[in-house]
Amino acid sequence: MPHINLKIAAGQSEVVKRALADAFVASLVEIAGADPELISVAIEDIAPRDWARDVYDREIGPRPDTLYRQPGYNPGQLPR
């Protein structure tokens, strides 16, 4: 029963968000054999000025062992 919680910089349209959710579901079905009826996807808008505090400091920085892809930005250069 996969659940994906995507945090994304605020400003994306509903069309883009729905396309992202559909792509995640399709990938989970194709790659992991998940039942599409059991997949949920949440998308959370984060203001860019809050990214360092709300996302990097809470979820990325302290949990590197859970990342399968590292961000390509320097956290010290994010707005605070």
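Me: In what order do the elements of the protein run from the N terminus on?

Reply: The order is β-α-β-α, which comes to 2 helices and 2 strands. Helices (H or I, at least four residues) and strands (E, at least two) are DSSP runs, numbered from the N terminus. This is a predicted model, in which local features need pLDDT of at least 70 and side-chain atom pairs count only at pLDDT 80 or more, while totals for chains, interfaces and linings use all residues. Residues are numbered from 1 along each chain as its sequence is written, and side-chain values use heavy atoms, with hydrogens and water left out.

Me: What box do the C-alpha atoms fill?

Reply: Roughly 40 × 30 × 20 Å, taken along the principal axes.

Me: And what share of the residues counts as buried?

Reply: Of the 80 residues, 24%. Buried means under 20% relative accessible area, exposed means over 50%, and partly exposed is in between (1.4 Å probe, protein chains only).

Me: How much of the contact count comes from residues 24 or more positions apart?

Reply: They make up 63% of the contacts with a separation of 6 or more. A contact means heavy atoms within 4.5 Å.

Me: Let's look at α2. Which of its residues are buried?

Reply: Helix α2 covers residues 51-60, and its buried residues are Trp-51, Ala-52, Asp-54, Val-55, Tyr-56 and Ile-60.

Me: What covers them?

Reply: The cover includes β1 (3-9) and β2 (40-46).

Me: Which residues make up the largest nonpolar core?

Reply: That core has 7 residues: Ile-46, Trp-51, Ala-52, Val-55, Tyr-56, Ile-60 and Leu-78. Helix α2 gives the most to this core, with 5 residues. A nonpolar core is a set of buried Ala, Val, Leu, Ile, Met, Phe, Trp, Tyr and Cys residues joined through side-chain atoms within 4.5 Å.

Me: Take Trp-51. What is Trp-51 in contact with, leaving aside neighbours within four places in sequence?

Reply: Lys-7, Ile-8, Ala-9, Ile-46, Tyr-56, Tyr-73 and Leu-78. Trp-51 counts as buried because its relative accessible area is 17%. Ala-32 is 19 residues from Trp-51 in sequence, and their C-alpha atoms are 30 Å apart in space.

Me: Is Val-55 buried or exposed?

Reply: Val-55 is buried, at 4% relative accessibility. Not counting residues up to four places away in sequence, Val-55 touches Lys-7, Ile-46, Asp-50 and Ile-60.

Me: Asp-50 is on that list. Where is Asp-50 placed?

Reply: In the loop between β2 and α2. Asp-50 counts as buried because its relative accessibility is 18%.

Me: What about Glu-59, buried or partly exposed?

Reply: Glu-59 counts as partly exposed, at 30% relative accessibility. Its side chain is joined to that of Lys-7 by a polar contact of 3.1 Å.

Me: Which lining residues lie nearest the centre of the largest pocket?

Reply: Asn-5, Val-55, Glu-59, Ile-60 and Leu-67, out of 14 lining residues. The largest share of the lining, 4 residues, comes from α2.

Me: How does the lining split by class?

Reply: There are 8 nonpolar, 2 polar and 4 charged residues. Ala, Val, Leu, Ile, Met, Phe, Trp, Tyr, Cys and Pro count as nonpolar, Asp, Glu, Lys and Arg as charged, and the others, Gly among them, as polar.

Technical notes. On a 1 Å grid over the protein atoms alone, a cavity is a set of points where a 1.4 Å probe fits but cannot get out, and a pocket is an open set with protein on both sides within 12 Å along at least five of seven lines; lining residues have an atom within 4 Å of a point. A polar contact is a pair of N or O atoms within 3.5 Å; within protein, one must be able to donate a hydrogen and the other to accept it, and residues adjacent in sequence count only if both atoms are side-chain atoms.
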